[in-house]
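Subject: Structure handover

Hello,

Here is the structure for you to open. My notes on what was found follow below it.

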Amino acid sequence: MRAAFDVLQGAIVLSADIEHELARGRVVDTPTATDVLTPREFEILRLLLAERSTEEIAGILHVSPKTVANTRYLIKAKLGVGSDIELVLVALRQGILADNPGAEAEARANDEDAHL
């Protein structure tokens with residue numbers, strides 16, 4: 001009832017869950033991967049999250065392993081994380097990494113296409 005009264009008075013009323021997420025977003029202030037990463041960086045991130053090694057990614061994308069390693073460093077810097085574990089946690093929070101069996105199959109298919 002209180003929420004209905006507040007709305008009638010012109011106030012904005014949010015559920016406790018939404019208020020919590022908004023507050024967390026202000027405190028955590030982690031940039032969104034899709035906002036800060038280039039398409040190539042995002043592609044490398046997805047391959048990393050698909051448990052591909054630096055050498056595998058280099059082969060798939062036809063670049064040097066050093067390029068992949070440098071890009072991995074840039075991804076971490078742009079997302080404000082210092083370790084691979086933090087990178088995975090950010091990906092989970094942002095919905096980039098989910099229980100998606102199709103993602104691994106897609107990565108394998110892309111690898112196979114690259115070798116044709």
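**How two helices cross**

α4 passes α5 in a right-handed crossing (right-handed if the near helix is turned clockwise from the far one by less than a right angle, left-handed if anticlockwise). Helices here are DSSP runs of H or I with at least four residues, and strands are runs of E with at least two, numbered from the N terminus.

Before the details, two notes on the source. This is a predicted model, in which local features need pLDDT of at least 70 and side-chain atom pairs count only at pLDDT 80 or more, while totals for chains, interfaces and linings use all residues. Residues are numbered from 1 along each chain as its sequence is written, and side-chain values use heavy atoms, with hydrogens and water left out.

Back to the pair. The angle between α4 and α5 is about 135°, and their axes lie 10 Å apart. Axes are lines fitted to C-alpha atoms, for helices over the stretch in contact, and angles run from 0 to 180 degrees between N-to-C directions. The two helices are therefore oblique to each other (under 35 degrees is roughly parallel, over 145 roughly antiparallel, 65 to 115 roughly perpendicular, the rest oblique). Which residues meet there? From α4 come R40, E43, I44, L47 and L48; from α5 come I57, I60 and L61. Contact means heavy atoms within 4.5 Å.

**The chain overall**

The protein chain has eight helices and zero strands. Of its 116 residues, 23% count as buried (buried is under 20% relative accessible area, exposed over 50%, partly exposed in between, with a 1.4 Å probe and protein chains only). Take the contacts with a separation of 6 or more: 54% of them join residues 24 or more positions apart.

**α4**

Helix α4 covers residues 39-49. Its buried residues are E41, F42, I44, L45, L47, L48 and L49. E51 follows α4, with a positive phi near 65°.

V63 sits in the loop between α5 and α6. At 26% relative accessibility, V63 counts as partly exposed. Leaving aside residues up to four places away in sequence, V63 touches R40, A58 and V68.

**α6**

Helix α6 runs over residues 65-79. Its 15 residues should span 21 Å at 1.5 Å a residue, and the end C-alpha atoms are 21 Å apart, which agrees. The expected span is 1.5 Å times one less than the number of residues.

Which residues of α6 are buried? They are V68, T71, I75, K76 and L79. Down the axis of α6 they fall within an arc of 140°, so they line one face of the helix. The arc is that of the directions from the helix axis to the C-beta atoms. K66, Y73 and A77 are exposed on the other side of α6. The cover over the buried residues of α6 includes α3 (33-36), α4, α5 (54-61) and α7 (84-93). Just after α6, G80 has a positive phi of about 70°.

**α7**

In α7, L87, V90 and A91 are the buried residues. Down the axis of α7 they fall within an arc of 100°, so they line one face of the helix. The face turned away from that buried side carries the exposed residues I85 and R93. Cover for the buried residues of α7 includes α4 and α6. G95 follows α7, and its phi is positive, near 75°.

Best wishes
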